[in-house]
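Subject: Structure for you to look at

Hello,

Here is the structure I promised. Please open it and keep it in view while you read my notes.

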Amino acid sequence: MLDMFKNTGLRFLWLSIVVILLDQVTKLAVLDAMQLYQSIPLMPFFNLTYVHNYGAAFSFLSNAGGWQRWFFTAIAVTVSLLILHWLRQSKKTQVMLPCAFALILGGALGNLIDRLVHGYVVDFLDFYVGNWHWPAFNIADSAICVGAALLIVDAFRNNGVKSDE
């Protein structure tokens, strides 16, 4: 059993745990210290702005009437189980691919916790240029984006060739 955690991508589950902890601690700090829609300017391009996201990325389906909570919960559970399978299938020689999966898993579970506990995802990172604001996001979303970028880099780096060949 321990060999599975030493010799597969499951050895990077610690990264998922770090993402979940950072995500939940920062969200708890926002919930404790800020009022909904409160915005705290920190830099000329960045605010902490507390919002609820009832949808998915960029508030997709946020006004769908409530069914989307369970839809996105089911997607997060399914994707998390798939990622765990892929991590288990990863070879010991692979590093970038299982790190990418671990980041995505941590982000998916961080937002899943919010959906189950609150019914929405807590977002608070607000970057902007002039009057144009990027949709607010959180640490979990950041981990998912970094993980997705690593998947793309890994695909180009390996050029479609399996790392064990």
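Which residue in strand 4 is the bridge partner of Val 129? Trp 132 is. Keep in mind that this is a predicted model.

**The strands**

That bridge belongs to a wider pairing. Strand 3 and strand 4 (residues 132-133) run antiparallel, with two bridges between them. They form a hairpin with two residues between the strands. Look at Gly 130 in that hairpin: its phi is positive, near 60°.

Strand 3 also pairs with strand 2 (residues 46-53). This pairing is antiparallel too, over six bridges.

How many of the nine residues of strand 3 are buried? Seven are, so strand 3 (residues 121-129) is mostly covered.

**Helix 2**

Now turn to helix 2, residues 13-33. Its 21 residues should span 30 Å, at 1.5 Å a residue. The end C-alpha atoms are 30 Å apart, so the model agrees with that figure.

Next, check which residues are buried. The buried residues in helix 2 are Leu 13, Leu 15, Ser 16, Val 19, Ile 20, Asp 23, Gln 24, Lys 27 and Val 30. They cover an arc of only 155° around the axis, so they lie on the same side of helix 2.

What does the face turned away from the buried side carry? Exposed residues sit there: Leu 21, Val 25, Leu 28, Asp 32 and Ala 33.

Best wishes

Terms used. Residues are numbered from 1 along each chain as its sequence is written. This is a predicted model: local features need pLDDT of at least 70, side-chain atom pairs count only at pLDDT 80 or more; totals for chains, interfaces and linings use all residues. Side-chain values use heavy atoms; hydrogens and water are left out. Buried means under 20% relative accessible area, exposed over 50%, partly exposed in between (1.4 Å probe, protein chains only). Helices (H or I, at least four residues) and strands (E, at least two) are DSSP runs, numbered from the N terminus. Two strands pair if DSSP finds at least two bridges between them. The expected span of a helix is 1.5 Å times one less than its number of residues. The arc is that of the directions from the helix axis to the C-beta atoms.
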